[in-house]
Amino acid sequence: MADEQLTDQRAGRPVLVAVAWPYASGSRHLGHLAGAYLPADVFARHQRLVGNRVLMVSGSDVHGTPITVRADAEGVTPRELADRYHVEFVADWERLGISWDLYTSTGTDNHAAVTHDIFLKLLSKGHIDRRSSEQYFDGEAGRFLPDRYIEGTCPHCDYAEARGDQCEDCGRTLDPEELLDPRSKITGSSPELRTTEHFYLRLSDFSDELAAWLETREGWRLHVLNFSKGWVEEGLHDRAITRDLDWGVELPVDDLGPGKRIYVWFEAVIGYLSASMEWAQLNGQPEAWRDWWEGDDARSVYFIGKDNIPFHTIIWPGMLLGYGGLNLPTDVPANQYVTFKGGKASASRGVGLTIGAGLEMFQADALRYALAASLPEQSDTDLSVEEIGRRINDELVATWGNLVNRVLSMVHRTCDGAVPAAGGRAPEDLALLEAVDAALVTAGSQIHRVELRAALRTGMGAAAAVNAYLNATEPWKLAKVDPERANVVLGTALAAVVGVRVALAPYLPFSTSTLDDVLGPVDSWERRELSPGSPIGKPTPLFAKVDLDVLLSDQVDG
RNA sequence: GGCGACGUAGCUCAGCUGGUGAGAGCGCUCGACUCAUAAUCGAGAGGUCGACAGUUCGAAUCUGUCCGUCGCUACCA
């Protein structure tokens with residue numbers, strides 16, 4: 001076990017941190033942040049500190065029917081709508097400190113080119129073929145309708161506003177042709193069935209390979225593995241990978257005539273690869289992406305929400321198998337959902353907070369802490385403004401923020417405003433430092449296993465140990481009777497704080513770098529002794545407590 | 001309907017392949033301390049581990065049924 005981790009964490013290993021592509025159809029909320037972006041960032045930051053070569057990529061998913069429909073409703077073009085949210089996302093990431101190596105979008109020429117390459121290769125190898133089917137066509141809007149944009153009467157329960165994919169009243173799954181009195185949700189007109197031809201990905205070609213591959217996965221979360229195996233066992237369906245749309249990546253062949261595009265779910269996952277290539281090009285080493293996609297020692301970890309599991313554990317791996325020569329995911333630590341007071345977070349339904357709203361209420365690091373402490377790694381997690389505020393005030397500020405302020409204040413005042421020499425430490429002093437070092441080892445292996453909540457708790461436990469050490473040694477008393485001992489104790493506490501800061505650095509990038517001037521930058525996953533004599537000025541608190549009464553009353557207004 | 005999962009202290013959650021008296025954080029009570037953002041430290045109270053029935057020497061942990069909650073069901077991505 002220990003040996004395995006040593007080799008896994010060997011410095012310089014390529015680690016692809018692949019993060020779900022946010023859909024540029026509306027603001028993202030805290031559930032998305034906790035589900036994918038924050039855990040990915042914590043993981044990536046730790047991997048960099050360990051010395052691995054991290055490539056963390058994602059981008060805005062700018063295609064898909066919902067974007068075209070919403071754009072129509074607002075009287076703008078799909079590109080304008082997608083651009084608007086892309087800009088918002090980029091600003092969110094900046095404010096949150098999400099440390100992308102490249103954050104791009106699926107709207108680039110590069111992405112289209114890579115998508116074409118994969119499409120053509122799968123086509124030439126016979127994993128893509130053409131089939132025709134009957135689809136509802138809205139003559140007034142002049143386009144084919146996705147199932148969910150057809151309304152009608154449910155044949156089972158007579159509910160008048162059942163959708164083409166499912167009746168919301170009786171919950172049954174439907175085919176659009178089953179609806180009585182079908183209507184277009186876009187224009188309200190009666191759609192007609194027309195024959196349309198599409199390309200299909202022969203996912204069934206990979207059933208055996210995928211089943212065998214899933215059997216070899218170790219360390220995967222149980223819910224991810226069960227869900228994925230279940231999909232394969234039920235039998236894989238071949239899927240249409242083109243749509244009757246005029247918004248999306250164009251086909252590299254013209255067999256089907258105009259008005260066809262590659263559908264989002266096929267091309268969006270290709271973004272991981274195309275973004276890696278774009279990153280390599282931007283860095284002047286166009287072939288560098290291969291280290292992450294072809295190397296035997298490369299790891300790839302995909303951070304997604306559970307709604308995306310089949311795309312990353314079945315479909316994308318199937319596409320990669322068909323293409324050949326590229327690495328399949330090492331791990332897909334999909335998170336469950338964050339609920340808000342019991343309801344599924346949904347920006348469109350107004351449940352929960354958007355990332356922007358969260359950042360209005362809380363400091364970025366404080367928000368990162370509260371979410372990281374509540375990540376839905378095993379099961380759904382329930383959040384609220386009160387819960388976030390409690391995490392910040394009673395945990396982050398009280399334990400860690402206060403500790404930093406406490407120690408720096410005493411060192412500043414008691415030790416002549418400089419780092420004391422490290423010599424003369426007693427067994428109890430060394431025991432504290434050993435505990436902090438052990439916490440770094442423990443937290444490191446927890447993060448490596450993507451147990452980010454546990455690792456954060458480990459770090460906070462180390463902070464609590466420093467507080468306990470101070471209460472036991474009482475340096476404020478020693479300063480009056482035994483200044484020499486006081487210096488040793490405060491020097492030890494300061495050294496311990498330096499170590500705890502490393503453990504928390506992946507979670508709290510902003511407040512960590514705030515201390516760079518005093519404690520030096522965090523550039524490796526280890527505790528380093530400060531140079532004796534370095535100046536320690538009068539500190540200012542890292543975090544402010546939040547006033548829940550004010551926040552909650554503001555929220556009511558909003 | 002089918003599939004997957006969840007229901008453990010007031011709150012938010014951990015508890016691999018069954019076995020020392022059931023855990024953590026926060027909250028609460030009491031005590032200590034006063035260097036620190038009324039922060040910290042220690043001690044303690046608090047749970048028939050959703051219900052019922054099985055398997056077993058022994059189950060929160062396995063099986064079945066039921067109740068409750070949720071997600072997915074392949075054209076939301």
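In this predicted model, a base nitrogen of RNA strand B lies 2.7 Å from an N or O atom in the side chain of Arg406. The surface near the strand draws two or more residues from each of α7 (222–234), β17 (381–383), α14 (385–414), α16 (452–473) and α17 (475–481), and the largest share, 13 residues, is that of α14.

**Surroundings of RNA strand B**

- By residue class, the surface near RNA strand B comprises 22 charged, 18 nonpolar and 15 polar residues.

- Asp147 places a polar side-chain atom 2.7 Å from a sugar or linking oxygen of RNA strand B.
- At Asp380 a backbone N or O atom lies 3.2 Å from a phosphate oxygen of RNA strand B.

**Nonpolar cores**

- The largest nonpolar core holds 169 residues, of which Val17, Leu33, Phe266, Trp293, Trp316, Met319 and Trp400 touch the most other members, while helix α18 (residues 483–504) gives the most to this core, with 13 residues.
- Leaving aside residues up to four places away in sequence, Trp316 touches Ile118, Val269, Ile270, Tyr272, Leu273, Trp293, Tyr302, Phe311 and Pro329.
- Leu145, Cys154, Ala162 and Leu174 are among the eight residues of a second, separate core.

Terms used:
Residues are numbered from 1 along each chain as its sequence is written. Chains are lettered from A and ligands numbered from 1 in the order in which they are written. This is a predicted model: local features need pLDDT of at least 70, side-chain atom pairs count only at pLDDT 80 or more; totals for chains, interfaces and linings use all residues. Side-chain values use heavy atoms; hydrogens and water are left out. A polar contact is a pair of N or O atoms within 3.5 Å; within protein, one must be able to donate a hydrogen and the other to accept it, and residues adjacent in sequence count only if both atoms are side-chain atoms. Helices (H or I, at least four residues) and strands (E, at least two) are DSSP runs, numbered from the N terminus. Ala, Val, Leu, Ile, Met, Phe, Trp, Tyr, Cys and Pro count as nonpolar, Asp, Glu, Lys and Arg as charged, and the others, Gly among them, as polar. A nonpolar core is a set of buried Ala, Val, Leu, Ile, Met, Phe, Trp, Tyr and Cys residues joined through side-chain atoms within 4.5 Å. Buried means under 20% relative accessible area, exposed over 50%, partly exposed in between (1.4 Å probe, protein chains only). Contact means heavy atoms within 4.5 Å.
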